[in-house]
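I set down each item in the order in which I looked it up.

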Amino acid sequence: MHFLFWTAAGVLVAGTILRAEPQIDVENRVNALLARMTLDEKIGQMSQSTSMKTPLAESIKAEIRAGRWGSFLNAGSPADRAEAQRIAIHESRLGIPLLFGRDVIHGYKTVFPIPLGQAATWDRELVEQAAREAATEAATEGIRWTFAPMIDIARDPRWGRVAESLGEDPYLASALATAMVRGFQGKSLADALSVAACAKHFVGYGAAEAGRDYNSAWIPEILLREVYLPPFRAARDSGVATFMTGFEALNGVPATGNRFLLRDILRGEWKYDGLVVSDYEAVTEMIRHGFARDASDAAREAATAGIDMEMVSTAYHDHLKSLVERGAVEPAQIDAAVRNILRLKFRLGLFDEQIPPVGEAKPNAESLALAERAALESVVLLKNESGLLPLTEARRTVAVIGPLADSPLDQMGTWTMDGLRDRVETPLAALRSIMGADRVLYAPGLQTSRDTSDAGFAGAVDAARRSDVVLLFLGEEQILSGEARSRAFLDLPGAQEALFTNVLRAGKPVVVVIMAGRPLTFHSVAERARAVLYAWHPGTMGGPAIAQLLLGRRAPSGRLPITFPRSVGQVPIYYAHLNTGRPPSETELGIPMGTPLRPEGYTSKYIDVDFTPEYPFGYGLSYTTFEYSNLTISAPVLHAGQKLTVSAQIANRGKREGTETVQFYVRDLVASVVQPVRKLRGFERVTLQAGESRTVSFTLTPQDLAFYNQQMKLVTEPGKFQVWIAPDAVRGAMGEFELQ
Ligand code: GLC
């Protein structure tokens with residue numbers, strides 16, 4: 001018996017160690033290496049540079065040999081990176097490999113729709129595949145760290161970086177953040193084609209006041225925990241390898257020196273053991289914020305808060321050693337940071353791989369097909385008066401008008417420094433190849449989306465006159481979107497609206513296709529156009545996707561991941577708002593833009609614009625119609641420890657197949673902290689043949705109904721709840737139940 005016991009115990013222990021082998025092995029290797037490092041070498045690992053240009057300068061080679069840098073971003077060519085890695089591994093004292101990072105935000109050589117467009121697909125599996133493809137292409141060229149996904153909740157389209165976001169809703173953003181992390185990191189970080197992902201910008205950067213980039217963000221803790229933190233928690237739970245802090249001062253404390261965020265929440269509550277990198281020079285920007293006296297003070301604040309690696313600025317390199325020597329920064333703090341860096345490098349397998357081959361990533365049939373599918377699913381049909389779309393053969397000749405119809409660079413959108421312009425297929429090219437060049441007239445009408453000259457209008461009107469239908473491409477060119485591209489107005493830039501009005505005079509039906517990196521306001525255009533498609537910046541294969549949707553070979557299925565305002569004056573406007581004590585009534589709908597009618601009525605509205613959005617969150621049309629009916633709830637009461645099933649029947653009442661994104665919303669009618677009129681708690685893409693119907697079900701547990709109370713505790717409170725199974729955030733079949 002005795003022997004038997006020990007044998008069993010032995011196996012158990014061995015099994016435990018074997019099972020945890022990778023984890024303990026990495027920790028042992030990290031600690032063994034750390035013990036051999038000098039303080040200079042540790043600080044070198046904590047420093048990331050962008051100074052590696054092509055060709056690789058002797059000075060950089062010398063710095064790498066001296067262990068001056070742990071990582072490079074946006075640096076060099078694949079050959080330079082391979083040479084730099086060879087030097088680091090074989091010619092530095094400890095042979096610690098370099099980590100090459102890059103902004104691979106929505107594709108590398110093959111460019112997918114901007115993240116806001118990918119969010120419009122509501123398709124987890126597709127978004128994961130797109131990230132996987134981006135990782136494969138980037139890793140082939142020696143990039144093993146991407147500064148993505150950007151998961152800042154964005155409710156202000158004036159902010160240019162809304163283009164990089166996954167929209168306004170924490171539930172949708174959390175689902176897609178998880179998909180992107182899984183795609184980038186694959187089954188194992190050690191896979192040579194996996195890249196470390198980066199949850200950014202921690203946290204609240206998207207709440208920049210007035211939509212002005214880098215501006216202050218004031219977010220009460222309840223809102224932080226209910227809206228801004230959830231996508232980052234989801235990324236953490238999906239194993240995201242790194243975090244990046246935001247540029248902004250959050251509640252007066254720069255995120256880059258914010259101990260509440262980095263120590264209390266990220267390391268304390270969430271037990272996160274990954275690497276935290278600052279944003280670009282954000283450490284020394286704490287001086288301008290007025291939070292640090294000088295670079296040394298900034299280094300102390302950042303290191304103490306828990307920034308493991310400093311991006312580009314050199315406060316760590318210049319001051320950390322003296323800060324440690326005079327006891328202003330604990331040596332343990334430095335060791336903790338270096339452990340996080342070394343752990344990531346071991347997990348990536350960088351210590352175990354030979355020098356990566358100098359690969360060249362190229363788009364291929366599979367990546368282009370995936371990019372086309374992503375573009376197809378991202379486009380949102382906003383209007384289709386009397387079924388003008390899809391265009392039938394009767395529309396013999398089309399007039400394609402607008403500079404964005406044939407602009408590869410603009411079509412790719414922001415953050416596409418590696419995108420191959422010559423692989424982009426534009427809508428004009430795609431329409432010509434499908435319909436035949438003789439049936440497709442083209443007139444740009446304007447030189448760019450910002451162009452204010454009407455010199456090209458005559459040519460555009462002439463093309464319209466000679467056509468059966470006009471396809472007018474409007475929107476924002478690439479440089480109007482992304483970082484530091486905040487706009488005080490959301491209207492169509494330049495003379496685009498005037499172009500539309502002139503083209504309309506030709507008397508032909510006009511289909512407007514908008515390419516943009518944010519919701520724009522185009523009320524008067526939408527009113528007069530027969531149809532409106534919103535294509536975001538659709539990436540490499542946006543042309544074939546848009547052409548197939550216009551011609552009916554495929555049907556649109558995109559749904560809005562962000563609310564579209566009628567006017568910038570309504571911003572911020574989002575669906576998960578509180579009811580207020582004086583909600584406007586249906587009778588107050590329809591107050592036209594800019595005319596203060598019926599000022600009476602003491603309710604929460606505007607007297608010069610309809611209080612509702614132009615298009616609500618979750619909205620989108622297709623080429624068929626869907627009917628929601630028979631909402632049923634499995635029980636009238638939900639008890640602790642139980643779950644409810646909510647179902648409804650979705651029927652395709654049209655003549656062709658369609659894909660509907662069925663959305664599931666809940667509302668807590670009475671709570672100790674007022675709850676939004678709706679919160680998304682589920683969604684499912686459903687493809688139905690003409691005439692087909694299907695029951696779609698969602699489950700609810702009490703945890704799904706939890707909220708942060710005034711004591712900052714996550715609680716559920718008994719009472720009445722409403723649920724919707726819906727096509728968007730304002731319609732749908734509603735039911736009620738009670739939580740006990
Ligand atoms: C930029 C961005 C950040 C990006 C970094 C590196 O300023 O804020 O999102 O990853 O610098 O390019």
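**Entry 1: the chain as a whole**

What percentage of the 740 residues of the protein chain count as buried? I find that 59% of them do. I note at the outset that this is a predicted model.

I next looked up the secondary structure, and the protein chain has 21 helices and 26 strands. Its radius of gyration is 27 Å, close to the 27 Å that the globule rule gives for 740 residues, so I record the chain as being as compact as a globular protein of that length. Along the principal axes, the C-alpha atoms of the protein chain fill a box of roughly 80 × 65 × 60 Å.

I then turned to contacts along the sequence. Counting contacts in the protein chain with a separation of 6 or more, I find that 76% are made by residues 24 or more positions apart. For the surface, I note that the protein chain exposes about 27900 Å², of which carbon and sulfur atoms supply 54%.

**Entry 2: the ligand**

Which residues around the ligand come nearest? Of the 14 residues there, I list Asp103, Arg161, Lys200, His201 and Asp279. By class, I count seven nonpolar, two polar and five charged residues in the shell around the ligand.

An N or O atom in the side chain of Lys200 is 2.7 Å from an oxygen atom of the ligand. For His201, I find a polar side-chain atom 2.7 Å from an oxygen atom of the ligand. The side chain of Asp279 has an N or O atom 2.6 Å from an oxygen atom of the ligand. Taken alone, the ligand exposes 310 Å², and the protein buries 95% of that.

**Entry 3: Pro444**

Where is the place of Pro444? I locate Pro444 in the loop between strand E13 (440–443) and helix H18 (457–465).

Leaving aside neighbours within four places in sequence, I find Pro444 in contact with Ile401, Gly402, Pro403 and Leu499. As a last item, I checked Pro444 against Leu224, which is 220 residues apart from it along the chain; their C-alpha atoms are separated by 45 Å.

Methods
Residues are numbered from 1 along each chain as its sequence is written. This is a predicted model: local features need pLDDT of at least 70, side-chain atom pairs count only at pLDDT 80 or more; totals for chains, interfaces and linings use all residues. Side-chain values use heavy atoms; hydrogens and water are left out. A residue is near a molecule or strand if one of its heavy atoms lies within 4 Å of it. A polar contact is a pair of N or O atoms within 3.5 Å; within protein, one must be able to donate a hydrogen and the other to accept it, and residues adjacent in sequence count only if both atoms are side-chain atoms. Accessible areas come from the Shrake-Rupley method with a 1.4 Å probe; for residues, only the protein chains shown count as cover. Ala, Val, Leu, Ile, Met, Phe, Trp, Tyr, Cys and Pro count as nonpolar, Asp, Glu, Lys and Arg as charged, and the others, Gly among them, as polar. Helices (H or I, at least four residues) and strands (E, at least two) are DSSP runs, numbered from the N terminus. The radius of gyration is taken over C-alpha atoms; the globule rule is 2.2 Å times the number of residues to the power 0.38. Buried means under 20% relative accessible area, exposed over 50%, partly exposed in between (1.4 Å probe, protein chains only). Contact means heavy atoms within 4.5 Å.
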